[in-house]
Amino acid sequence: MMVWRRWVTIGLVGLTTCGAAAQQGTSLAFQRVEHLRRGVNLSGWYAQTRDFSAGRMDAYMSVADMQALKAMGFDHVRLSIDPEPLIAEAQTGRLRQAPMARLDATVQQLLDAGLNVILDIHAEEPWKASLLHGDDGVLRLCAFWEQFAGHFAKNDPERVFFEVMNEPSMDDLYRWAGVQARVVAAIRRAAPRHTVIATAAAWGHQDGLLAMEPVRDEDVIYTFHDYDPMWFTHQGATWSTEAWAFLHGVPYPSTPENILPVLAQEPDERIRLQLQRYGEDRWDAQRTGAEIAAVAEWAQRRGVPLYCGEFGVYKTYADPKSRATWISDVRTALESKHIGWAMWDWDGNFGLATKGASGTVVDQDVLRALGL
């Protein structure tokens, strides 16, 4: 899930461009990205939790739920994975047998249900912080990936994908470029047949993507996350900036007129100015489409396949109709540029579904907004 920080693009990271085959859209990565058209994130199962007990893990998702996702029209899932519980030895990246056996079983169940799987390394902040300086954290990440990719190298490369890291919390574009290149090389040593999903610095935001260049590997898909405008999608969210925590009733689409009731209730003059700008910016389908068009052009110029790994709206305080409208606008814009996507998320606080005593209830308005 996006934790957003605005920054100014200061230059391009010049690693390399891909070869002629990729520029023509005929590379293996272009063929495989077609397996990732419509997806959903499974966010709270193997990551974003401190409870890895067998009882909770077993109860998180049933085979029937997986089959239901396929029946709804999804073709893949993005499975968030915290690497820490899987590692037995940090220096070598040696993996723990029992947690890996459980993960193997989950991946196989998803595949058996007809869903392709992105293995998304969704590390916690201490892991990300260890990459900011020095070499220890980088060596640790490479060691983990070499073991992890080697473990899953036996799986069908048409159906299982490796995502380097979710939302790197690193504003240093050049350093992240070097870190990611080393990780991709480690994955490639262990799993030469599999496609890698690479991301940009600065939380994988569109701005970060526009400031990066492809790595030295043609079998790579490039991903970004889209939660703009954050004043709408993250209203009421408590885990990042305080500015969002007390916001309720922020409309979408936005106009100078419909933002006035929110402005009247906002005591902080700085936030009030930001909300006023949000209204003046007139966020709607056209504005959303312009954002998507910019990243699509970035990919086209470099001849690389593109994928949107996350987009969604925190649902606690957003108006349900406005939420569905935003989701529909983003999904439509992505599909107009032939960009596959995965909604954030299945049953979390941005969720498509809600779990209760009577079972799992799917939000039909959101499902329709996704075109499913």
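Select helix H7 (residues 136-152) and helix H8 (residues 173-190) in this predicted model. Helices here are DSSP runs of H or I with at least four residues, and strands are E runs of at least two, numbered from the N terminus. The two helices pack at about 30 degrees, with axes 8 Å apart. Axes are lines fitted to C-alpha atoms, for helices over the stretch in contact, and angles run from 0 to 180 degrees between N-to-C directions. H7 is therefore roughly parallel to H8, a label for angles under 35 degrees.

Now show the side chains between them. In H7, pick residues including Leu141, Trp145 and Ala149; in H8, their contact face includes Val179, Val183 and Ile187. Contact means heavy atoms within 4.5 Å.

Next, colour the strands. A closed barrel of 8 strands runs E1-E2-E5-E6-E7-E8-E9-E10, with parallel pairing. Two strands pair if DSSP finds at least two bridges between them. From one strand to the next, the twist averages 30 degrees.

Zoom in on E2 (residues 76-81) and E5 (residues 116-121). These parallel strands are joined by 6 bridges. Find Leu79: its bridge partner in E5 is Leu119.

Last stop: Phe311 and Trp326. Their ring centres lie 6.3 Å apart and their planes meet at 45 degrees, so the pair is tilted. Rings of Phe, Tyr and Trp (its six-membered ring) pair with centres within 6.5 Å; planes under 30 degrees apart are stacked, over 60 edge-to-face, the rest tilted. Phe311 sits in strand E9, Trp326 in helix H15, 15 residues apart.

Residues are numbered from 1 along each chain as its sequence is written. Local features need pLDDT of at least 70, side-chain atom pairs count only at pLDDT 80 or more, and totals for chains, interfaces and linings use all residues, while side-chain values use heavy atoms, leaving out hydrogens and water.

Technical notes
Parallel < 35°, antiparallel > 145°, perpendicular 65-115°, else oblique.
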